Amino acid sequence: MKVLIVEDDKTTRDFLQQALTEQGYTVETAADGQDGLFKALELNFDLIVLDRMLPKLDGLTVLATLRSGGHRVPVLILSALDSVDERVKGLKQGGDDYLVKPFALAELLARVEILGRRSQPIVAGAQETRIQLKNLTLDMLAHTLTIADQEIEIQPKEFKLLRYLLEHQEQVVSRTMLFEAVWDYQFDPQTNVIDVHVARLRKKLTEANALVEITTVRGVGYRLVSQ
Amino acid sequence: MLWLKSRRSEGWGIGLSLNSSLGLMFRKSSIWRLTLIYTALSTVLVSLVLLVLYYFSVGQVVRAQDRNFYEVLAQHQLLTKQLSQTEYQLQFGPEFQLSESLSLTFQADDAPVDVVGRLSSVPVGIAMCPEISRFPVYQARYDDIEILSGCTLPAYNGRVLIAQNRQQLDRWIKLFWQTSLGALLITLVIGTLSGWWFSRKLIRKVSAVNQIARKVEDGDLTARISIGKSGDEFDQMAMHINRMLGQLEDNFETVRGTTDAIAHDLRTPLSRLRLRLEHLVSQETETVKADALADVLEELDRIILTFKSMLELTKLEHGLMNAGDHPVDLQALVSDAVELIEPLADENRQTITVNASPVYVQGDPSLLFRVIYNLLDNAVKYSGENASVLVELTEKALIIADNGVGIAEEEMTKAFQRLSRLDSSRTTPGYGLGLPVVKAILKLHGMKIKMLDNEPGLKVVIRLPRPTGSK
């Protein structure tokens, strides 16, 4: 998968390049908006990591130009501006995700992975009304969870949480991503509250003998894997 | 040596007293300047009034008499040229005798005894007309001496004297000017006194303001001007200045609070971080344990979080953030926040009861969610095990009450100030900014927050603005 990093700070750029290369991505870099836009239009990328404030051409302008040209490549915006307004502005211009500096590298990798998958041809199951993994079935229409043919009582937020984890099975998802997906507020609860929710769900799955496990990824978040 | 020293100290003494009396001198000189202006103005005014009065009273009489005198003078000047001496004497002889207001006399030079008129002779040395001379005359009828003013006309071989008695008029004029002088003197005295009194009052008020201004200049922001009871312009000015000083002091406090907050909330963890890193560097091992680095990372994350909150709080407090005008379903926010916090409450064996009616407000859902979540988080964190938390939402207010240990009344107001982390929560990072952020967000939405004693426990009341209509 090919990723373009448009970032003017050399240290950040080099670290991102190194980390993404280690994850198996093919990485191209640009140090300013003009170069970034040129490369994005010239080459075919699966994902662009775009800094918001860039020399020569502002990040949002690059994004707007790309989108007006019909390019649908997923874009992850990096920004030092973190107010809700700025976030909305970035997403309105066609950004697919917004990450505020300073960020954890693991968080960025998790988001890059999920955005990257989005650009891949739609995998089977994504549009289905039910998700099945091993002995676990989540029915999106009936809002029910079945584990080993037994219907398990599940609360609405737990349902959303499990659904998000299932939709991104085998991928690392961060606490913030989980919070934003399930609660849909722009806010960092700053506590271990998400962990407690995941722990609850995990306990429920274990008690029902699900052949599915939520593992903790240190310093980042969680990953749902099948046993 | 001793002599020199004492001289020197004397010099210092003078210098000091000069400096300290400079302000007083300035004050005095302005008092006198104002007094002088005031007195001069009133004197000029009174003088003008007197002049006008003179012109229309005594002046009028003087002018009438003068006119009469000069008319007669002109008449006789003409007649002495046109008529012969005999004709003249014949025609005017009786008139000369009878005239009361004017004394007309003719005396021939060559025959000094040939005198026609009121006077026994025309005295020597009387000026030629129109120059006027004054001379004494004995009035046999009253056995008195009159002073006449008049002049002579050369006629035929002699002189005609035309004179009038202006004694009465002169007395009037004298009396008038004497009275006027008295009036002016009284004006001067009263003017000076009242001017001095008014100026002193004025200068005192101004210098009171000056003194306070100097105090503020020297850094004492708590100085305030005392306000009189009259409510005049000076009192209003004092009130405005005091209010301005109050705002200035508040701003200073905010700046001071912010710097203190930065010092406390950032310096302490930064120095901890530095110590940790220094320790790692000083360990002479090639490899560093991942655990040790994870601790460092955690510390750094806390610093970033604190920094973020500070920036945010500053933005919120200075209105750089927009509340937005989306309709926000508070009921949904409450239930979402409760759902989020519930597992934490479960861990403390606390129960959360929600009693919410559908309420919509305008604003930013994420910011308002944070307010509710932060308050619930505080309740869960500080009310203790087995406590119960009640969340009540009505059109008027959102109330979050617990029956835990509560906080002391004097700490309730402090809780909303930056960095006034309460003693009981001193060990919780980031909390010092939690409630100030809550307050700032609510202020942005036109809502007010208050802490009350729930007897036992803490009750937090958020007053909601008038509903925009429920859907």
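Two strands count as paired if DSSP finds at least two bridges between them; strands (E, at least two residues) and helices (H or I, at least four) are DSSP runs numbered from the N terminus. The model is predicted: local features need pLDDT of at least 70, side-chain atom pairs count only at pLDDT 80 or more, and totals for chains, interfaces and linings use all residues. Residues are numbered from 1 along each chain as its sequence is written, and chains are lettered from A and ligands numbered from 1 in the order in which they are written.

**View 1. Strands β10 and β12 of chain B.** Leu398(B) has Ile462(B), in β12(B), as its bridge partner. The two strands, β10 (397-402) and β12 (458-463) of chain B, pair in the antiparallel sense over five bridges.

**View 2. The open five-stranded sheet of chain B.** Its order is β7-β9-β10-β12-β11 (chain B), with mixed pairing. β7 (351-356) and β11 (448-453) of chain B are the edge strands, each pairing on one side only.

**View 3. Helices on the sheet of chain B.** Contact here requires C-beta atoms, placed from the backbone, within 7 Å; angles, from 0 to 180 degrees, are taken between N-to-C directions of lines fitted to C-alpha atoms, for helices over the stretch in contact. Helix α7 (330-347) of chain B touches β7, β9 (388-393) and β10 of chain B, at about 175 degrees to β7(B). Helix α8 (365-382) of chain B touches β9, β10 and β12 of chain B, at about 15 degrees to β10(B).

**View 4. The contact of chain B with chain A.** Chain B contributes 21 residues and chain A 17. On the chain B side, α6 (290-317), α7 and α8 each supply at least two residues, and α7(B) gives the most, with seven.

Definitions and conventions:
Two residues are in contact if their C-beta atoms, placed from the backbone, lie within 7 Å.
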